[in-house]
Amino acid sequence: MITNTELEYKGNLYPNQIAEYKRDTDKLYFTTENGVILEITVIQDRTIRFRYATEHIFQPDFSYAISENAKRGYNTLTVVETATEYLIETAKVKILVDKKTLRIQISDLEGQIINEDELGFHWEENYEYGGNTVKMSKITQATESYYGMGDKATHSNLKGKRVFNWVTDQYAYGKDQDPLYKAIPFYVGLHHEKAYGIFFDNSFKTHFDFAHEKRTTTSFWADGGEMNYYFFYGPEMSKVVQAYTDLTGIPELPPMWALGYHQSKWSYFPESRVKEVASTFRDLRIPCDGIYLDIDYMDGFRCFTWDKTLFPDPKRMIADLSKDGFKTVVMIDPGIKIDKDYWVYQEAMENDYFCKRGDGPYMHGKVWPGECHFPDFTNPKVREWWASLYKEFMAELGVHAVWNDMNEPAVMEVPSKTAPLDTRHKYDGHPCTHRKAHNVYGMQMVRATYEGVKKYVYPKRPFVITRAAYAGTQRYSSTWTGDNVATWEHLWIANVQAQRMCISGYSFVGSDIGGFAEQPNGELFARWIQLGVFHPFCRVHSSGDHGDQEPWSFGTEITDIVRKFIELRYQLLPYLYTMFWRYTKYGSPMLQSIVYYDQADTQTHFRTDEFIFGEQILVCPIQEPNAQGRRMYIPRGKWYNYWTGEMVEGGKERWVPADLDKIPLFMKAGAIIPKYPIQQYVGEVKVEELVLDVYYKLGAENSTVYEDAQDGYDYQSGKYSLRNFKLLGKEKELNIQQFKDGTFITSYESFKIKLHGLPFKIKTIHVDNVKVNLEDIKLNGNNIIQVSKEFTQLHITGK
């Protein structure tokens with residue numbers, strides 16, 4: 001019998017009247033008459049989770065994004081019921097739950113609305129997939145701006161934009177093209193000088209509309225799964241980003257060499273070419289710590305193999321490079337060639353480790369080796385196996401680090417660019433299709449890589465790089481922004497993406513300096529280096545199809561400029577390392593968009609170019625050809641031009657000269673900036689003296705220098721050196737106090753202090769309340785003095 005029963009299209013469905021409320025410690029449950037359950041969990045006073053179920057049933061509570069080490073606990077939690085609503089209050093926020101509609105309103109303790117539902121939670125039955133599309137709409141507050149969302153190649157402020165998350169191999173992407181390689185469904189909202197954040201933890205394809213369709217509405221939705229989001233209250237953007245980063249996790253400190261300059265290409269081969277590139281760096285005295293081998297080092301693109309014709313003795317080559325200060329980084333992709341004689345393929349087949357299609361057979365797709373199967377990295381047994389595959393590379397051959405590419409996963413010659421949506425995944429005991437697992441596939445691959453590298457480079461620290469990522473991947477790996485293009489527009493994109501990633505909790509980021517596709521001219525390459533040395537991950541990478549892209553490829557003038565800026569990065573390594581320590585300690589972004597730096601200044605809300613490197617260095621790249629300078633916005637406060645020493649007042653735009661060998665670079669008044677001597681690679685020279693550039697300020701400023709052995713794990717047991725400096729400047733006085741923590745003993749015994757901007761001539765100097773002879777501390781006419789690293793107070797008076 002055939003019946004023609006057309007399904008009724010119900011459209012959007014909404015919660016109705018609350019019928020039941022109950023509390024279980026930190027969890028509050030509100031159940032409606034039509035079977036919707038709202039679970040509110042107070043994670044911390046400023047971090048609240050909102051989770052919705054339909055038909056009285058929650059899905060299993062599992063997430064790859066949430067860190068096991070996330071902080072928990074709150075000070076107060078009260079719930080009061082009235083005739084029309086439930087009023088929830090913590091030590092930071094008030095939450096109103098409407099009894100009729102289940103809609104939410106969140107305000108601060110003074111009653112100012114921070115975030116409120118428009119339609120709130122609603123859902124639509126998805127007949128094609130047999131589930132729900134889950135939706136949330138919020139009221140856009142007056143003057144509200146939006147930031148974050150990972151690697152989006154668009155304006156820093158997302159107001160008026162619509163974006164979505166589906167990690168995609170997007171070769172030579174353009175401005176505003178979406179989606180790209182990352183899926184980080186987290187944004188920061190800012191209005192009335194107060195910031196909040198929302199993290200929509202759903203690994204299906206997610207969509208965000210920031211007042212694009214309707215100026216009064218901001219919404220987000222997913223093609224499946226639950227409406228499950230975390231709310232973070234500031235009111236400072238720093239508190240929001242730190243709370244999100246704590247929830248999704250922080251990385252461990254990398255080895256310091258990972259913060260050096262790295263050189264890569266698709267591809268350096270054979271061995272003689274690799275050694276030629278390495279020796280040219282040393283001959284030209286251009287610092288470099290890492291050299292990369294792309295897929296051509298492999299035997300027929302088979303992962304964990306070597307082409308013995310091109311690289312007859314990898315262990316010897318890696319050792320030779322290491323003697324000259326180079327760390328070797330190799331690429332590993334997820335696609336495993338279908339080859340019955342290939343040992344990795346054999347092991348995976350024997351153990352049933354590959355992804356399968358919905359109808360049973362193994363899923364296969366074309367990548368660089370040809371037809372491939374793909375390991376299911378959402379299976380913990382597969383991750384353990386994958387980690388073990390690194391033993392030969394790391395422990396026996398001496399490879400220093402691993403770079404995971406194509407892990408979206410990218411599949412060639414299919415419109416979707418990835419695995420079929422019916423591909424099955426274990427998902428750590430929660431079986432699902434690729435619709436749910438796609439966005440986390442690369443994350444779980446690099447998680448397995450991280451575990452393997454960490455195990456086999458021990459007692460050294462691991463360094464891993466990934467292209468694809470979901471929220472929380474920062475726990476395992478650094479990243480880069482994918483296959484960009486050698487254009488001025490992409491220089492702008494690289495700047496915006498790095499800032500956006502940092503505000504999205506993922507600070508260890510950089511771009512392919514100079515552009516991956518096409519060929520830069522010397523001017524563009526120099527300008528990109530000038531930006532790239534101020535990104536946490538600093539690597540040149542390019543496609544060999546488009547010519548050479550080493551620092552010496554564009555003539556002597558460009559080589560000299562590139563060397564100058566790479567040397568500056570190496571001088572600033574203790575400052576950069578301290579930035580990274582602060583990121584791992586507090587979740588503070590390593591780069592700060594200037595809206596993050598000063599959210600109360602509305603002039604910062606739509607700026608894209610200027611950013612703060614760490615906490616005290618202002619950078620603004622030159623992003624157009626033939627420029628001899630540019631207009632830029634100087635944030636409020638006083639700043640010193642790094643090149644001229646001129647002090648300028650911020651809070652306004654100004655023209656800053658910057659010929660090809662300079663970019664606008666400013667030091668915050670009051671800052672104490674540590675510097676190492678120039679070295680060709682990390683650890684080449686013993687640091688005999690730490691330079692401290694001290695920038696005078698009328699008033700107070702704090703600075704920090706963190707140091708340790710630069711590798712290994714002794715720092716976790718207290719063997720670190722943490723110096724906190726407090727500067728106080730008066731009209732004819734400068735006072736610097738030092739507070740020391742940790743048991744690590746640095747190699748240097750003294751500081752060379754360079755005083756910038758002193759408004760007086762030095763009359764006397766007291767070290768730890770003892771007046772010293774000016775000759776004894778080597779005072780010269782340039783206001784440079786030498787003092788013991790153990791001083792606790794330095795007091796300088798003027799005439």
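**Entry 1: ground rules and the largest pocket**

For linings I count Ala, Val, Leu, Ile, Met, Phe, Trp, Tyr, Cys and Pro as nonpolar, Asp, Glu, Lys and Arg as charged, and the others, Gly among them, as polar. With that, I sorted the lining of the largest pocket into 10 nonpolar, nine polar and 12 charged residues.

A reminder to myself: this is a predicted model, so local features need pLDDT of at least 70 and side-chain atom pairs count only at pLDDT 80 or more, while totals for chains, interfaces and linings use all residues. Residues are numbered from 1 along each chain as its sequence is written, and side-chain values use heavy atoms, with hydrogens and water left out.

My search ran on a 1 Å grid over the protein atoms alone: a cavity is a set of points where a 1.4 Å probe fits but cannot get out, a pocket is an open set with protein on both sides within 12 Å along at least five of seven lines, and lining residues have an atom within 4 Å of a point. Grid points are joined across faces, edges and corners, and a volume is the space filled by probe spheres set on the points.

The largest pocket comes to about 800 Å³. It has 31 lining residues, and Ser 67, Asn 69, Ala 70, Asp 246 and Gly 249 are the closest to its centre. Helix 1, helix 7 and helix 11 are the elements that each give two or more residues to this lining; helix 1 gives the most, with five. My helices (H or I, at least four residues) and strands (E, at least two) are DSSP runs, numbered from the N terminus.

The largest cavity holds about 130 Å³ of space. Of its 16 lining residues, Pro 251, Glu 252, Pro 462, Tyr 476 and Ser 477 are the closest to the centre. The lining divides into 11 nonpolar, three polar and two charged residues.

The second largest cavity has a volume of about 50 Å³. Strand 12 (145-148) and helix 8 (488-503) each give two or more residues to its lining, and helix 8 gives the most, with four. I sorted that lining into three nonpolar, four polar and one charged.

**Entry 2: salt bridges**

I took a salt bridge as a side-chain nitrogen of Lys or Arg within 4 Å of a carboxyl oxygen of Asp or Glu. The whole structure gave me 53 of them.

Glu 252, already noted beside the largest cavity, meets Lys 454 in a salt bridge at 3.4 Å, N to O. Lys 454 lies in helix 7 (residues 434-457) and Glu 252 in the loop between helix 1 (237-248) and strand 20 (261-263), so the pair ties together parts 202 residues apart in sequence. For accessibility, buried means under 20% relative accessible area, exposed over 50%, and partly exposed in between (1.4 Å probe, protein chains only). Glu 252 is buried at 17%, while Lys 454 is partly exposed at 29%.

Next I checked Arg 563 and Asp 560, which meet at 2.8 Å, N to O. They are three residues apart in helix 10 (residues 556-571), so about one helical turn separates them.

I counted two strands as paired if DSSP finds at least two bridges between them.

Strand 24 pairs with strand 25 (residues 370-373) over four bridges, and a hairpin joins the two through two residues. Within strand 25, His 373 is the bridge partner of His 364 and Glu 371 that of Lys 366.

**Entry 3: helix 11**

Among the buried ones are Tyr 575, Phe 580, Trp 581 and Arg 582. Just after helix 11, Gly 587 takes a positive phi of about 75°.
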